[in-house]
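Welcome! Please take a moment to look at the sequence and the 3D structure before reading on.

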Amino acid sequence: MASPAEETPAAEDTASPPPPPPARSRGFWFLGEDKSVHKALGGGKTADVLLWKDKKTSAAVVGGATILWVLFEIVEYHLLTLVSHVLIVALTILFLWSNATVFIKKSPPDVPEVQISEDLAVNIALALRADINKALALLREIALGHNLMKFLGVIVALWILSEIGELCELLRFMYIGMGFYAPKNSVLAIV
């Protein structure tokens with residue numbers, strides 16, 4: 001009689017080994033879908049930045065967010081003040097550059113004419129379109145160095161706006177601004 005050890009090899013020869021369990025792909029299982037994390041984040045540049053595939057851009061985003069966090073949370077800088085100070089610096093540089101081109105005999109900076117399209121303005125608010133375009137035309141005129149008095153007036157106005165920004169938060173300032181543009185029968189006009 002054969003021992004059980006001798007019968008085992010014969011049984012293995014006739015029966016095939018069970019198939020290995022299917023290997024799960026290296027993907028992201030989300031609501032029954034099997035896809036990569038890159039695709040789950042939408043693919044493209046955004047996913048590259050979030051997954052640190054583009055290291056320079058990711059580092060710039062983290063660095064910029066850290067600087068903004070330090071400005072707003074640690075230093076307690078307000079958004080309106082920051083915007084006003086950035087505009088003061090940018091307008092001063094453009095104004096001086098436009099006026100210095102006369103002395104250094106180079107062409108003035110090419111400041112593009114910026115306007116908000118009518119479709120976008122209709123979506124945001126029809127009442128604001130004309131005011132924004134006037135402000136952009138004024139800023140362009142100042143950047144081209146045409147009028148010293150307007151330049152000084154805008155710088156003083158931006159400085160006053162930055163001082164107001166120090167006194168109140170952005171949300172409160174937006175509520176005040178919305179009160180001026182609210183229709184007569186709206187809730188904001190009643191309050």
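This is a predicted model: local features need pLDDT of at least 70, side-chain atom pairs count only at pLDDT 80 or more; totals for chains, interfaces and linings use all residues.

Residues are numbered from 1 along each chain as its sequence is written, and side-chain values use heavy atoms, with hydrogens and water left out.

**The whole chain**

The protein chain holds 10 helices and 2 strands; helices (H or I, at least four residues) and strands (E, at least two) are DSSP runs, numbered from the N terminus. Read from the N terminus, the order of elements is α-β-β-α-α-α-α-α-α-α-α-α. Of its 191 residues, 16% count as buried. Here buried means under 20% relative accessible area, exposed over 50%, and partly exposed in between (1.4 Å probe, protein chains only). Among contacts with a separation of 6 or more, 43% are between residues 24 or more positions apart, where contact means heavy atoms within 4.5 Å.

**Two helices side by side**

Two packed helices are described by the angle between their axes and the distance between the axes. Helix H5 (residues 79-104) packs with helix H8 (residues 148-167) at an angle of about 160°, and their axes are 8 Å apart. Axes are lines fitted to C-alpha atoms, for helices over the stretch in contact, and angles run from 0 to 180 degrees between N-to-C directions. H5 and H8 are therefore roughly antiparallel (angles under 35 degrees count as roughly parallel, over 145 as roughly antiparallel, 65 to 115 as roughly perpendicular and the rest as oblique).

On the H5 side, the residues making this contact include Leu80, Ser84, Ile88, Leu91 and Phe95, while H8 brings residues including Phe151, Ile155, Leu158 and Trp159. Sorted by class, the contact of H5 with H8 has 12 nonpolar, 6 polar and 1 charged residues. For this count, Ala, Val, Leu, Ile, Met, Phe, Trp, Tyr, Cys and Pro are nonpolar, Asp, Glu, Lys and Arg are charged, and the others, Gly among them, are polar.

Which residues of H5 are buried? They are Leu80, Thr81, Leu82, Ser84, Ile88, Leu91, Phe95, Ser98 and Thr101.

| Helix | Residues | First to last C-alpha | Expected span |
|---|---|---|---|
| H4 (residues 55-74) | 20 residues | 27 Å | 28 Å |
| H5 | 26 residues | 37 Å | 38 Å |

In H4 the reach is close to the expected value, and the reach of H5 is close to its expected value too.

**Residues in and around the loops**

Most residues other than glycine have a negative phi, and most peptide bonds are trans. Trp52, in the loop between H3 and H4, has a positive phi near 60° and is partly exposed at 41% relative accessible area. Just after H4, Glu76 takes a positive phi of about 60°.

Finally, Leu41 sits in the loop between helix H2 (37-40) and helix H3 (44-50). Leu41 is partly exposed, with a relative accessible area of 36%. Neighbours within four places in sequence aside, Leu41 is in contact with Ala47, Leu50 and Leu51. Leu41 and Leu51 are 10 residues apart in sequence and 9.1 Å apart in space, C-alpha to C-alpha.

Note on methods: The expected span of a helix is 1.5 Å times one less than its number of residues.
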